Amino acid sequence: MKLRTLTLAAMFAAIISIIAPFAIPMGLVPLSLQTLIVPLVASLTTPRIALLAVLGYLAVGLAGLPVFAGFQGGLGAFVGPTGGYLLAMLVFPLIISPLMQRINQLWMLVLSTGIAAVVQLAFGTVWLALAANLSLEVAVSTGFVAFLVPLFIKWILVVLINLGIKRSIHLPIA
């Protein structure tokens, strides 16, 4: 693996780690900037760099550094109610980056970001139901429906920020 790839992945993992912890508490699952910065990174870089960046971010958090929502870290974040949302962060580089690499057009950015966001939210909701011993109905209302408006706003922001960056530099960043 090239040094440039590893350097870019580390740089993006650091950016995610700095931005992601900012959150608004909302019961068991906080409203965080994780689901803004991770899809943005996935939309700006190659699949390899994006995946390594997200894996690096998750590893740093697993090691105990306070990089998750609400400045949390450690194994407890993965086994608790938010663990599914964290693990599902991997869907962003697995969906957005490869699709954008094949078809680097606005409609694909909108489609891939939306699909990845819904998949991440759905996986997290199922995990929430299991980890917090909630009925699926309660988990869906508190862990999915409650986040649809913020999801839509972040989705728009990812697209707008991506387009702004795209005007300045050639994408994907590789």
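**Aromatic pairs in a predicted model**

At 25% relative accessibility, Trp127 counts as partly exposed, a class that lies between buried (under 20% relative accessible area) and exposed (over 50%), computed with a 1.4 Å probe on protein chains only. The model is predicted, so that local features need pLDDT of at least 70 and side-chain atom pairs count only at pLDDT 80 or more, while totals for chains, interfaces and linings use all residues. Residues are numbered from 1 along each chain as its sequence is written, and side-chain values use heavy atoms, with hydrogens and water left out.

A search of the whole structure finds five aromatic pairs, where rings of Phe, Tyr and Trp (its six-membered ring) pair if their centres lie within 6.5 Å, and planes under 30 degrees apart count as stacked, over 60 as edge-to-face and the rest as tilted. One of them joins Phe68 and Phe78 edge-to-face, with 5.4 Å from centre to centre and 85° between the planes. Because Phe68 sits in the loop between α3 (47–62) and α4 (75–79) whereas Phe78 belongs to helix α4, this pair ties together parts that are ten residues apart in sequence; helices here are DSSP runs of H or I with at least four residues, numbered from the N terminus. Phe68 is buried at 2% relative accessibility, and Phe78 is buried as well, at 10%.

The rings of Phe123 and Trp127 have centres 6.3 Å apart and planes at 40°, and the pair is therefore tilted. Both residues belong to helix α7 (residues 106–131), where being four residues apart separates them by about one helical turn. Phe123 is partly exposed, at 39% relative accessibility.

Conventions
Helix = DSSP H or I, 4+ residues; strand = E, 2+ residues; numbered from the N terminus.
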